[in-house]
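Subject: Structure for you to look at

Hello,

Here is the structure I promised to hand over. My notes follow below it.

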Amino acid sequence: MIRGVSMARRNGSGGDGKRPADETAVLGAGGAAAVVDPAMETAGKTRGAAVVASAVSSAHPATVETAMTREQLVEFYRLMYLSRRTDDREIVLKRQQKIFFQISCAGHEALLAAAGMALRAGYDWFFPYYRDRALCLTLGNTVEEQLLQAVGAAEDVASGGRQMPSHWSNRKLHIVTPSSAVATQCLQAIGCAEAGRYFTRHPEAAKKHTGDYREFKDVTFHGDEVTYVSIGEGSTSQGEFWESLNTASNGRLPVVYVVEDNEYAISTPVEANTPGGNISRLIANFPNFHFAEVDGTDPIACYAAMVEAAAYARSGRGPALVHGHVVRPYSHSLSDDERQYRSEEEVQEENARDPLAKMQLWLLREGILDEAEINRLEQKVDEEVQRAADRAMQAVLPSTAREAILRHQYSEDLKPTDARFDTEPEATADASERTMAELLNHCLKDEMRRDERIVVFGEDVADATRDSALRAGKIKGKGGVFKLTAGLQKKFGNDRCWNSPLAEANIVGRAIGMAVRGLKPVVEIQFFDYIWPAMHQMRNELAAMRWRSNGEWSCPLVIRVPIGGYLTGGSIYHSQSGESIFTHTPGVRVVMPSNALDAAGLLRTAIRCDDPVLFLEHKRLYRETFGRGAYPGPEYAIPFGKAKVVREGKDLTVVTYGAVVPRALQAAEKLERETGVDVELIDLRTLSPYDWDAIATSVRKTSKAIVAHEDMLSWGYGAEIAARIGEELFDELDAPVRRVASMDTFVAYQPLLEDAILPQVEDLYRAMLEMAKY
Ligand SMILES: Cc1ncc(C[n+]2csc(CCOP(=O)(O)OP(=O)(O)O)c2C)c(N)n1
């Protein structure tokens, strides 16, 4: 018997050796393969059977070269078999409890090896799905590397033991670190493709620079590169898939999508996810796309479809999407047992389409390999997998030292706390007092002038998308609902400042993909209240990317967000706070200035540093009289983690930030006037990192502490600071630490209610007075 044919279907609870693939299955006979050209679709025609393209048959009608040599065909089979054998070895290792998770590529090998063969490792860019073992092996990832990830070894190149197996990542090959969240990768792939195009148009921007994040972000790009992204059919239900189609289509981006349709999303069949049961039909009207639907178990058809898709995208005509109908011969993962939700008959039917057995039989039938050659090839692969497994079993495991665990949470190269960001304001000719909004706008302009890698996008941030009237000087332009980005598009062009679709995940997901490539997106979320669609990208992607890839990948960027209430009528959806949700997220820096000068200095540091920064701008402070400042020049920067003592005092400490700063100051001044109590007021300015030394020094002096903020009291930012003061400064305290914050509810519309809900000067005054009595 030929060795490969013995590979029977397995399920999660134990390879039960169901019937091997039906020997009547054939390849390249047309099957389900059809390349759908949008133009031909509209003409009512579907080009069928664009499948057979090999050394033995060359009836392919396409213009691109889709023929494969004998060597390529043999290599194709070897890669498919290598992928399957690696899965099988992992399954054994999981059962032996030597690895801790397993999810396979079984049944998807033909489609993915084809994708790998049609694309260029280290030239094109890859955002693969967890099923993409065969793709990664084809690109040059080794079995040993894959098994090192499975054991969680220190030398695991993908993550150093931080990510589950099948979370492919390899810098050299341009395989970008993924999360486990399905569909987020689609938007990142869009950003990646946009960055490639941007650098092609602005090659100067790619040059190395010292003194900021660019020192650590080398840029490579090719004018004809493409970005690959793959996804399961179930996950196409996620909005981020659709948001990505919007931008790929609108921008005619060189993205090659692969939808791996095995008809199941764990136990949920395709018809429950996709209306009509076929994703190709739903997406067929997106303009500028090349679509292909193919039998994903037919290697030759897959290769032809992938070569055509890649050629289309590479030519700059637009994105391509290959929808491959594959099978899932093993359960979803080893944690799943498909016998609970699939009938024996259904499973048997699918067995006949196992791509590995089909390919093997086809090679035999076509005389490309004989039995002995197949046996030799498979034996060599088996030995390779065995050797890799042996080495992986001996691998050194990661250090459990605290510093090692925390390494790469943030940039190890350039910290925003660095002294280089500590500069004095420049005395300029114009000393007039400017608002926070003005100085932020100046800072954006200065930085964009200095650094061509900065791009600004978000909802309504451009001056005018339809720009002819703008360029003709007939209209002034919008520049953001708060006008913070006014004039950027006009000054720096449409490539550097543009309006995004109204989709927050689209903004952040794309920005991540761009930042991976070395651009510096400074994006805007229009209101903090609407940041939530982007939360998935922010927490699971933006914040985690550097840590999860063990420092191999990073996405330093800035997300500017107008935040907060005190607006008189802002109500629930224009007054939210929620900074502690993000300070509770490792990997992202959180900044919240209270005045114009700090805002300018901190935004500059945010832009020049090497970490992702959430830059929270209090709407109420944008144009306030309080805290205006003179333009501090184009180099003024403030390091993160350095609080400002707004008012020195000796009797009690108030720690606060944002819009509570002016309110606390007012309360403190009133208190001193009326009672002589002398309050020390600390403005944290950056919330993560925060200046513990400043807090501790002050509390040691005053022995009393109030933490005040606008966000809700319970589970808020103050809880952490108060707890730490209690833990570390207990002996210094003369009174329990107190918090002043908003009520534990939303902000209401009616101004009387708004006033009652948010902390006011009187609340702060009362708390200070009571605290002073201890
Ligand atoms: C956003 C998100 N929701 C849920 C999950 C849990 N989950 C992991 S895989 C999966 C099914 C995916 O199905 P499909 O996209 O069809 O791919 P397949 O596994 O069948 O290849 C689910 C629900 C997840 N990883 N991410």
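Start with the largest cavity. Its lining comes to 14 residues, and P128, P178, S179, A181 and Q185 sit nearest the centre. Helix α6 gives the most to this lining, with three residues. By class, the lining of the largest cavity holds six nonpolar, seven polar and one charged residues. Its volume is about 120 Å³. In total, the structure has seven cavities of 30 Å³ or more. Please keep in mind that this is a predicted model.

Next, the largest pocket. The space in it is about 640 Å³. The lining has 23 residues, and E194, G251, N494, W498 and R510 are the closest to the centre of this pocket. Four elements each supply at least two lining residues: α6 (184-201), α7 (239-250), β11 (497-499) and α18 (504-517). Which of them gives the most to the lining of the largest pocket? That is α6, with four residues. So much for position; the classes are as follows. The pocket lining divides into eight nonpolar, ten polar and five charged residues.

Now the ligand. It is surrounded by 18 residues, and the closest are Y129, Y130, S180, S235 and Y264.

- Y129: an N or O atom of the side chain is 2.8 Å from an oxygen atom of the ligand.
- Y130: here too a side-chain N or O atom faces a ligand oxygen atom, at 2.6 Å.
- S180: a backbone N or O atom lies 2.8 Å from a nitrogen atom of the ligand.

On its own, the ligand has 580 Å² of accessible area, and the protein covers 75% of that. The shell around the ligand divides into seven nonpolar, nine polar and two charged residues.

One glutamine also deserves a look. Q537 is placed in helix α19 (residues 535-542). Is Q537 buried or exposed? Its relative accessible area is 0%, so Q537 counts as buried. The side chain of Q537 makes a polar contact of 3.1 Å with the side chain of Q188.

Last, some backbone points.

S688 and P689 are joined by a cis peptide bond, with omega about 5°. P689 is found in the loop between β19 (686-688) and α24 (692-702).

Where does R685 lie? Its place is the loop between β18 (679-683) and β19. R685 is not a glycine, yet its phi is positive, at about 65°. With 8% relative accessibility, R685 falls under the 20% cut-off and therefore counts as buried.

N550 is another non-glycine residue with a positive phi, near 55°. N550 belongs to the loop between α20 (545-548) and β13 (558-563). What is the relative accessible area of N550? It is 27%, which means that N550 is partly exposed.

Then go to the largest pocket, with E194 and R510 among the residues closest to its centre. Finish at the cis peptide bond between S688 and P689.

Best wishes

Definitions and conventions:
Residues are numbered from 1 along each chain as its sequence is written. This is a predicted model: local features need pLDDT of at least 70, side-chain atom pairs count only at pLDDT 80 or more; totals for chains, interfaces and linings use all residues. Side-chain values use heavy atoms; hydrogens and water are left out. On a 1 Å grid over the protein atoms alone, a cavity is a set of points where a 1.4 Å probe fits but cannot get out, and a pocket is an open set with protein on both sides within 12 Å along at least five of seven lines; lining residues have an atom within 4 Å of a point. Grid points are joined across faces, edges and corners, and a volume is the space filled by probe spheres set on the points. Ala, Val, Leu, Ile, Met, Phe, Trp, Tyr, Cys and Pro count as nonpolar, Asp, Glu, Lys and Arg as charged, and the others, Gly among them, as polar. A residue is near a molecule or strand if one of its heavy atoms lies within 4 Å of it. A polar contact is a pair of N or O atoms within 3.5 Å; within protein, one must be able to donate a hydrogen and the other to accept it, and residues adjacent in sequence count only if both atoms are side-chain atoms. Accessible areas come from the Shrake-Rupley method with a 1.4 Å probe; for residues, only the protein chains shown count as cover. Buried means under 20% relative accessible area, exposed over 50%, partly exposed in between (1.4 Å probe, protein chains only).
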